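Please look over the sequence and the model below, and then read the report that follows with the structure open beside you.

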Amino acid sequence: MVAPPEAGILVVDDEPSIVELLSVSLRFAGFDVRTAADGQEALEVARDFSPDLLVLDVMMPVLGGLEVLRALRAGGSRTPVLFLTARDAPADKVRGLTLGGDDYVTKPFSLEEVVARIRAVLRRTGGRSARLSFADLELDEDSHEAWKAGQPVSLSPTEFQLLRYFLKLDTTEPRLLHTLRGVGYVLRLPR
């Protein structure tokens, strides 16, 4: 059983290496990713895919990122946009944010920063909660805190990551993930 994707992301850039790098990294991070090589294709894919967020290059031939955003907003779309650009002048950033962009990352960028900014935008715009829960367990992915029956639980980083994966993995009945005391975990149908 595979955990559902965290969110749908449309990556738009005219540089194939950047599209490939971002799409592989975002899939690895748990997102459903579609790509487009230019602004016109981005509008078509966005219409069919309905992404939760766009990662949008500002400077592209034919239809640039700002024009794509204008077209999306004119059509009533409120999909959050994270701009990617080689231009880091404050005026460029202000223009993108004024048009309705949600965040701005300049090239070259770190993949970790892009993923963190995507998650932050999704949280701010209601795309995803940083809290996971099951029964009386609750886990906050941002603060790395966990609670059982409302009481804080102290977890090592490895224990936290395992709990996070388990909460995403086994969310339907019948439960397939079971504890073998003193041994670990086993995946099996309940008896």
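In this predicted model, helix H2 (residues 39-49) and helix H3 (residues 65-74) have axes that cross at roughly 30 degrees and come within 9 Å. Since angles under 35 degrees count as roughly parallel, H2 and H3 are therefore described as roughly parallel to each other. The crossing in which H2 passes H3 is right-handed. On the H2 side the contact is made by Gly39, Ala42, Leu43 and Ala46, while H3 contributes Val68, Ala71 and Leu72. Sorted by class, the residues in this contact of H2 with H3 are six nonpolar, one polar and no charged.

A second pair of helices can be described in the same terms. Helix H1 (residues 16-28) and helix H5 (residues 111-124) have axes that come within 11 Å and cross at roughly 60 degrees, and H1 and H5 are therefore oblique to each other. The crossing of H1 and H5 is right-handed. Here Leu21, Leu22, Ser25 and Leu26 of H1 meet Leu111, Val114, Val115 and Ile118 of H5, and the contact of H1 with H5 holds seven nonpolar residues, one polar residue and no charged residues.

Turning to the strands, an open sheet is formed by five strands that follow the order E2-E1-E3-E4-E5, with parallel pairing. Its edge strands, each of which pairs on one side only, are strand E2 (32-36) and strand E5 (103-106). From one strand to the next, the twist averages 20 degrees. Within this sheet, strand E1 (residues 8-12) is joined to strand E3 (residues 53-57) by four bridges, and the two run parallel; Leu10 has Leu54 in E3 as its bridge partner. Helix H5 packs on the sheet, where H5 touches E1, E3, strand E4 (81-85) and E5, and the direction of H5 makes about 175 degrees with that of E5.

| Strand pair | Sense | Bridges |
|---|---|---|
| E1 and E3 | parallel | four bridges |

How many residues lie between E8 and E9 in their hairpin? There are two residues between them, and Ala149 in the turn has a positive phi of about 55 degrees.

Arg188 lies in the segment after strand E11 (184-187), and is partly exposed, with a relative accessible area of 30%. Although Arg188 and Leu177 are 11 residues apart in sequence, their C-alpha atoms are 6.5 Å apart in space.

Finally, the protein can be viewed as a whole. Its secondary structure comes to six helices and 11 strands, and 41% of its 191 residues count as buried. Of the contacts between residues at least 6 apart in sequence, 49% join residues at least 24 apart.

Definitions and conventions:
Residues numbered from 1 in each chain as written. Predicted model: local features only at pLDDT ≥ 70, side-chain atom pairs only at ≥ 80, totals over all residues. Heavy atoms only, no water. Axes fitted to C-alpha atoms, helices over the stretch in contact; angles between N-to-C directions. Parallel < 35°, antiparallel > 145°, perpendicular 65-115°, else oblique. Left-handed = near helix turned anticlockwise from the far one by under 90°. Contact = heavy atoms within 4.5 Å. Nonpolar A, V, L, I, M, F, W, Y, C, P; charged D, E, K, R; others polar. Pairing = 2+ DSSP bridges. Buried < 20%, exposed > 50% of the residue type's maximum accessible area, 1.4 Å probe, protein only.
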